[in-house]
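Here is a short tour of a protein model, helix by helix and hole by hole. Keep the structure open and follow along.

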Amino acid sequence: MSITNSGTGTGDGTRAVRAGLPDPVAYEPTLPGPVFAAHYHLPGEPTGPYTYGRDENPTWTHLERAIGELEAPEETGVETVVFASGMAAVSAVLLSQARAGDTVVLPSDGYQALALVREQLEAYDVRVRTAPTGGDAQLGVLGGARLLWIETPSNPGLDVCDIRRLADAAHAAGALVAVDNTLATPLGQRPLELGADFSVASGTKGLTGHGDVLLGYVTCRDAELAARVRRWRKVVGAIPGPMEAWLAHRSLATLQLRADKQGANALALAEALREHPAVSGLRHPGLPGDPSYPLASRQMRRFGSVVSFTLPDRGYAERFLDGLRLAEDATSFGGVRSTAERRARWGGDAVPEGFIRFSVGAEDPEDLVADVLRALDAATP
């Protein structure tokens with residue numbers, strides 16, 4: 001089903017609270033409740049929009065329209081396909097577009113589960129090349145590629161690459177371009193406007209922002225590409241539950257409020273950590289002096305809620321995490337409650353043992369900064 005934008009409002013806040021809402025009907029809710037249906041009345045030929053629960057669902061339709069309006073608000077004909085998780089969305093793009101003998105370019109410093117996707121691609125005889133995000137290094141390995149996968153800012157290192165530059169080069173070389181927009185969210189960055197063919201994200205993170213929904217999505221403007229992604233969803237059955245889709249849509253209404261509050265808090269925390277003697281390798285794209293700041297300032301509209309830094313060793317990092325009172329030790333980001341983790345505990349990321357990924361929430365910044373500085377001091381041997 002092709003989803004077109006409704007053109008409601010021009011500001012991010014207005015768009016977020018109204019995105020994807022159906023035309024008003026007297027005595028009906030503004031946002032209809034979730035539709036729990038495996039099948040629909042289907043007399044005669046199956047020509048209607050809703051035939052079977054694995055193919056389409058009205059609750060998905062509202063959410064897909066909403067996400068499309070946020071990812072590409074000035075465009076019509078944009079299509080979004082929602083999935084059960086971010087990795088389902090990632091896999092759908094890579095595995096629906098690449099064929100045996102094709103070459104795919106991935107970031108070498110991207111989300112660690114990309115390594116699992118790489119194994120599957122190679123099992124299907126798809127060649128994979130990698131290069132770091134920083135410095136637009138993927139430009140050097142584009143030759144002959146079918147698809148370029150960009151992750152900017154990268155997770156967890158927070159490097160930024162030039163989407164427009166990479167997309168132009170990839171298209172000139174005959175490659176499609178997909179951008180993982182999870183960390184930025186559509187209010188922080190619009191990959192389709194910067195030349196990407198796909199904007200892909202885990203809605204589990206900042207998009208929904210409450211740590212209670214697993215969701216993913218793919219947005220693109222090309223109907224044929226979208227059809228391949230949608231067919232992949234049907235084949236593997238990676239569909240979201242109606243309740244999850246409804247919760248995600250409900251959460252979009254506060255996206256601008258959350259993004260602004262959490263982004264401001266993240267910058268306040270990063271600034272407070274700059275001079276701490278135990279902290280090294282501090283990164284946040286919105287921090288003046290960060291290596292990514294000049295590019296991020298041109299490309300991003302908001303800088304996200306994640307701050308990363310390195311503590312002297314594993315023991316120091318674990319004492320710090322144990323001492324936090326306003327941040328949970330959890331492996332996610334983008335939520336209204338701050339979380340932090342020692343990322344190396346999972347393996348797979350090329351980070352030091354004391355590397356911390358800190359997802360800044362919506363607490364009062366004075367309280368959060370004081371808690372972090374107190375925990376850092378308490379962790380000192």
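Let's start with a pair of helices: H2 passes H7 in a left-handed crossing. This is a predicted model, by the way, so keep that in mind as you look around. The two helices, H2 and H7, pack at an angle of about 35 degrees, and their axes are 9 Å apart.

Which residues make the contact between H2 and H7? On the H2 side you'll find Thr59, Trp60, His62, Leu63, Ala66 and Leu70. They meet Pro242, Ala245, Trp246, Ala248, His249 and Leu252 of H7. Sort the residues of this contact by class and you get nine nonpolar, three polar and no charged.

Now for some empty space. Rolling a probe the size of a water molecule over the atoms shows where empty space is left. Searching the whole structure this way turns up two cavities of 30 Å³ or more.

The second largest cavity holds about 40 Å³ of space. Its lining is made of Leu31, Pro32, Gly33, Thr59, His62, Leu63, Ala245, Trp246 and His249. Helix H2 (58-71) and helix H7 (242-252) are the elements that give two or more residues to this lining. By class, the lining of the second largest cavity splits into five nonpolar, four polar and no charged residues.

## The largest cavity

The largest cavity has about 150 Å³ of space in it. It is lined by 17 residues, and those nearest its centre are Leu183, Thr185, Ala259, Gly304 and Ser305. What classes do the lining residues of the largest cavity fall into? Seven are nonpolar, eight are polar and two are charged.

Which element gives the most to the lining of the largest cavity? That's H8, with five residues.

Take a look at the E10 end. E10 pairs with strand E11 (residues 339-342) in the parallel sense, over two bridges. Here Glu328 stands opposite Thr339 in E11.

The largest pocket has about 690 Å³ of space. It is lined by 37 residues, with Thr204, Lys205, Thr331, Ser332 and Phe333 closest to its centre. Helix H3 (86-97), strand E4 (147-151), strand E6 (198-202) and E12 each supply at least two residues of this lining. The class count for the largest pocket is 14 nonpolar, 16 polar and seven charged residues.

The second largest pocket has about 390 Å³ of space. Of its 24 lining residues, Ser108, Asp109, Gly110, Asp349 and Ala350 lie nearest the centre. Strand E2 (103-107), helix H4 (114-123) and E8 are the elements that give two or more residues to the lining of this pocket. H4 gives the largest share, three residues. By class, the lining of the second largest pocket has ten nonpolar, nine polar and five charged residues.

Most residues other than glycine have a negative phi, and most peptide bonds are trans. Where does this model do something else? The peptide bond from Thr152 to Pro153 is cis, with omega near -10 degrees. Another cis peptide bond joins Asn155 and Pro156, where omega is about 15 degrees. Pro153 lies in the loop between E4 and helix H5 (163-172), and Pro156 is found in the loop between E4 and H5 too.

Then there's Asp125, a residue other than glycine whose phi is positive, near 65 degrees. You'll find Asp125 in the loop between H4 and strand E3 (127-131).

Note on methods: Residues are numbered from 1 along each chain as its sequence is written. This is a predicted model: local features need pLDDT of at least 70, side-chain atom pairs count only at pLDDT 80 or more; totals for chains, interfaces and linings use all residues. Side-chain values use heavy atoms; hydrogens and water are left out. Two strands pair if DSSP finds at least two bridges between them. Helices (H or I, at least four residues) and strands (E, at least two) are DSSP runs, numbered from the N terminus. On a 1 Å grid over the protein atoms alone, a cavity is a set of points where a 1.4 Å probe fits but cannot get out, and a pocket is an open set with protein on both sides within 12 Å along at least five of seven lines; lining residues have an atom within 4 Å of a point. Grid points are joined across faces, edges and corners, and a volume is the space filled by probe spheres set on the points. Ala, Val, Leu, Ile, Met, Phe, Trp, Tyr, Cys and Pro count as nonpolar, Asp, Glu, Lys and Arg as charged, and the others, Gly among them, as polar. Axes are lines fitted to C-alpha atoms, for helices over the stretch in contact, and angles run from 0 to 180 degrees between N-to-C directions. A crossing is left-handed if the near helix is turned anticlockwise from the far one by less than a right angle, and right-handed if clockwise. Contact means heavy atoms within 4.5 Å.
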